[in-house]
Amino acid sequence: MIYRTEKDTLGKVQVPMEKYWGAQTERSRINFRIGLESSMPIEVIHSFAFIKKAAAHANFEFGILSKKKKDIISLVCDEIIKGKLNNQFPLVIWQTGSGTHTNMNINEVISNRAHVLTGGTLSNKKKSFIHPNDDVNMSQSSNDTFSTAMHIASYKKLIEKTIPSIIKLKKNLEKKSKLFNNIIKIGRTHLMDATPITLGQEFSGYVSQIDHGLISIKKTLDHLSELSIGGTAVGTGLNAPKGFDKKVTEFISKYTNIPFQVAKNKFESLSSHDAIVEAHGAIKQIAVSLIKISNDIRFLASGPRSGIGEIYIPENEPGSSIMPGKINPTQCEALIMVCMQIIGNDVTISIAGSSGNYELNVSKPLIIYNFLQSSQLLADVCLSFSNFCIKGIKPNYHRIKEHLNKSLMLVTALNTHIGYEKSAKIAKCAYENNTTLKEESIRLGYLTNEEFDKLVNPSKMV
């Protein structure tokens, strides 16, 4: 590999010739060879490009950056946003907790790419037009830009991927709830037979869980919309022009078409990440709900002959390498594993979120990595579960009717007519004698055939 020499305040560093990054990026790449699969999420990189473009335009309007520099920085930022320079950001999340290395990675790439676009070469940078710190990073610090990038990336991921996928799952569950509304089945509490319910009512509970989760996520967007940009190193705004925060936020909102706002308190937005802790808590809430829903569905589909078997789920793929004809609830299992990962991520984010010391949280890369992973996983698994499981669910009418008619808990309808103790005796005798509730009601002399049929009517018990 051919190298060129780059310099920073610590001295000279050899950098691969064809790469746009500079000395500080290369130092991080060498010094933090930790978990190389844990690259800084590209969503963070693209969010940084929005920030750098917005900052360049703001600095130009404040008269401290030339139009030529503003234009070339904007041009490179647009290339980054379009994904044209994705291979120029090699750093992992296991770096400085402020994300300074990634901020400098962005600054160096923009600077060097601008140098090339203005006629220079990477092998000769004596007259580089754009300086990574003085120009690209003007009026900013890593502390406020990385925090801002975290919020931009999180907000965009939620509204573009996660929320739409959850809504699709909710709509498919709603369709099934309405379709199954008149199918009366036995309910279950403590995994034991209970009073009747309709299959549609059962599914309506799932719809409500998802709906409440969606509401929780949407409520967090307002806090996530607050940007710390303009706070610079500790929240005081040192080295940024007055009004810079508002101007940059306006530009970011324009470029992303998202209503971002200046953080109400920049000391809070730099030293903590409560907004992301809150938003991920809502994601975890849905994950918890989905585990419950997924378990219900796979248990209802269990069998096909030795389990509950009250619903059919799609036969997507063979279920065993040794047992011919076996079909497994694979979408349910994948969903549960994803949700377990999300719950684990929530623990990580909670601990990382509590790790702010005085004016700065120093676990920023870890927080955003886990948040974006959870958001993407949830989006993907909701679509998968919706398309390959929920859409294809069908009721097993025969098994539903069989379980309903055999259930001893239909006796609950008799409580208000013959009392709890007589009703309990009917159920106990029916269970011990392997007979029906009707047979025991008549044998014990508590009810006539006609009275039993009038009182024990599952359609009136739901």
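**Aromatic rings and their partners**

Trainee: In this predicted model, which ring does the charged end of Lys 70 sit over?

Mentor: The distance to consider runs from the charged end of Lys 70 to the centre of the ring, and it comes to 4.7 Å. A charge sits over a ring only if this distance is within 6 Å, and the ring in question is that of Phe 60.

Trainee: And over which ring does the charged end of Lys 68 sit?

Mentor: Here the charged end lies 5.0 Å from the ring centre, again within the 6 Å that the rule asks for. The ring under Lys 68 belongs to Phe 129.

Trainee: How many aromatic pairs are there, and what is the geometry of Tyr 155 and Phe 260?

Mentor: The count comes to 5 aromatic pairs. Tyr 155 and Phe 260 form one with 5.4 Å from centre to centre and 65° between the planes; since planes over 60 degrees apart count as edge-to-face, the geometry of this pair is edge-to-face.

Trainee: How many residues apart in sequence are the parts that this pair, Tyr 155 and Phe 260, ties together?

Mentor: Tyr 155 lies in helix α6, whereas Phe 260 belongs to the loop between α8 and β6. Both residues are buried. The parts tied together are apart in sequence by 105 residues.

Trainee: Are Phe 180 and Phe 203 stacked or edge-to-face?

Mentor: Phe 180 is buried at a relative accessible area of 1%, and Phe 203 is buried at 0%. Their ring centres are 5.5 Å apart and their planes meet at 85°, so the pair is edge-to-face.

Note on methods
Residues are numbered from 1 along each chain as its sequence is written. This is a predicted model: local features need pLDDT of at least 70, side-chain atom pairs count only at pLDDT 80 or more; totals for chains, interfaces and linings use all residues. Side-chain values use heavy atoms; hydrogens and water are left out. Rings of Phe, Tyr and Trp (its six-membered ring) pair if their centres lie within 6.5 Å; planes under 30 degrees apart count as stacked, over 60 as edge-to-face and the rest as tilted. Helices (H or I, at least four residues) and strands (E, at least two) are DSSP runs, numbered from the N terminus. Buried means under 20% relative accessible area, exposed over 50%, partly exposed in between (1.4 Å probe, protein chains only). A charge sits over a ring if NZ of Lys or CZ of Arg is within 6 Å of the ring centre and within 35 degrees of the ring normal.
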